[in-house]
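Here is a short briefing on one protein chain. Look over the sequence and the structure, then read the points below.

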Amino acid sequence: MSDDRYITRDMLTEESYEGNNFAEGNAVKYDLQNGKINVICFCSDKNVAKGIAEGLNLLDNLEADGIDLKKWPIYLDTQTIINNLKRIKRQAMTKKILNPQA
């Protein structure tokens with residue numbers, strides 16, 4: 001199988017995590033770009049909310065680029081999804097993708 005089918009951490013930039021999803025306190029919100037904002041979820045704290053918003057933006061940006069993403073099984077609970085997003089963020093930060101000044 002060819003490696004060009006996979007996205008690696010070094011392909012992602014800080015802009016990969018920017019988009020219409022954002023955190024406000026412990027809430028994850030989505031800017032509808034028409035003056036309205038939807039609340040997606042509430043989290044245990046603002047750091048979790050920020051990580052989820054960035055993860056959702058990353059997924060949106062990859063899909064917008066035409067990348068076919070493997071869909072998560074429907075049976076995953078919210079905590080599993082949060083843990084996966086946290087893991088992705090930790091891995092990205094260790095490669096200084098999210099915090100290039102560090």
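**Overview**

The chain's secondary structure amounts to two helices and three strands. Helices (H or I, at least four residues) and strands (E, at least two) are DSSP runs, numbered from the N terminus. Along the sequence the pattern reads β-β-β-α-α. This is a predicted model, in which local features need pLDDT of at least 70 and side-chain atom pairs count only at pLDDT 80 or more, while totals for chains, interfaces and linings use all residues. Residues are numbered from 1 along each chain as its sequence is written, and side-chain values use heavy atoms, with hydrogens and water left out.

- Of the chain's 102 residues, 25% count as buried. Buried means under 20% relative accessible area, exposed over 50%, and partly exposed in between (1.4 Å probe, protein chains only).
- Among contacts with a separation of 6 or more, 49% join residues 24 or more positions apart. A contact means heavy atoms within 4.5 Å.

- Three strands form an open sheet in the order 1-2-3, with antiparallel pairing. Two strands pair if DSSP finds at least two bridges between them.
- Strand 1 and strand 3 are the edge strands, and each pairs on one side only.
- Neighbouring strands are turned by 35 degrees against each other on average, direction ignored. Axes are lines fitted to C-alpha atoms, for helices over the stretch in contact, and angles run from 0 to 180 degrees between N-to-C directions.
- Strand 1 (residues 21-24) and strand 2 run antiparallel and are joined by four bridges. Ala23 stands opposite Val28 in strand 2.
- These two strands, strand 1 and strand 2, form a hairpin with two residues between them. Gly25 sits in the turn, with a positive phi of about 65 degrees.
- Strand 2 and strand 3 pair in the antiparallel sense over five bridges. Lys29 has Val39 in strand 3 as its bridge partner.
- Helix 1 packs on the sheet and touches strand 1, strand 2 and strand 3. The direction of helix 1 makes about 175 degrees with that of strand 1.

- Gln33 lies in the loop between strand 2 (27-31) and strand 3 (37-42).
- Phi of Gln33 is near 65 degrees, a positive value in a residue other than glycine.
- Gln33 is exposed, at 57% relative accessible area.

**Nonpolar cores**

- The largest nonpolar core has eight residues: Val28, Cys43, Val48, Ala49, Ile52, Ala53, Ile82 and Leu85. Such a core is a set of buried Ala, Val, Leu, Ile, Met, Phe, Trp, Tyr and Cys residues joined through side-chain atoms within 4.5 Å.
- Helix 1 (46-64) and helix 2 (78-94) each supply at least two residues of this core. Helix 1 gives the most, with four residues.
- Apart from this core lies another, of five residues, including Leu12, Tyr17, Leu62 and Leu69.
- Ala49 touches Ala23, Gly25, Asn26, Ala27, Val28 and Cys43, leaving aside residues up to four places away in sequence.

- Lys50 is found in helix 1. With 42% relative accessibility, Lys50 is partly exposed.
- Lys50 and Ala23 are 27 residues apart in sequence, yet 5.0 Å apart in space, C-alpha to C-alpha.
- Lys50 touches Ala23 and Lys89, not counting residues up to four places away in sequence.
- Asn57 also lies in helix 1. Asn57 is buried, at 3% relative accessibility.
- The side chain of Asn57 reaches the backbone oxygen of Asn21 at 2.8 Å. That is a polar contact: a pair of N or O atoms within 3.5 Å; within protein, one must be able to donate a hydrogen and the other to accept it, and residues adjacent in sequence count only if both atoms are side-chain atoms.
- Asn57 touches Ser16, Tyr17, Glu18, Gly19, Asn20 and Asn21, again not counting residues up to four places away in sequence.

**Cysteines**

- The whole structure holds zero disulfides. The cut-off for a disulfide is a pair of cysteine sulfur atoms within 2.5 Å.
- The sulfur of Cys41 has its closest cysteine sulfur in Cys43, at 3.9 Å, too far for a bond.
- Cys41 is partly exposed, at 24% relative accessibility, while Cys43 is buried, at 9%.
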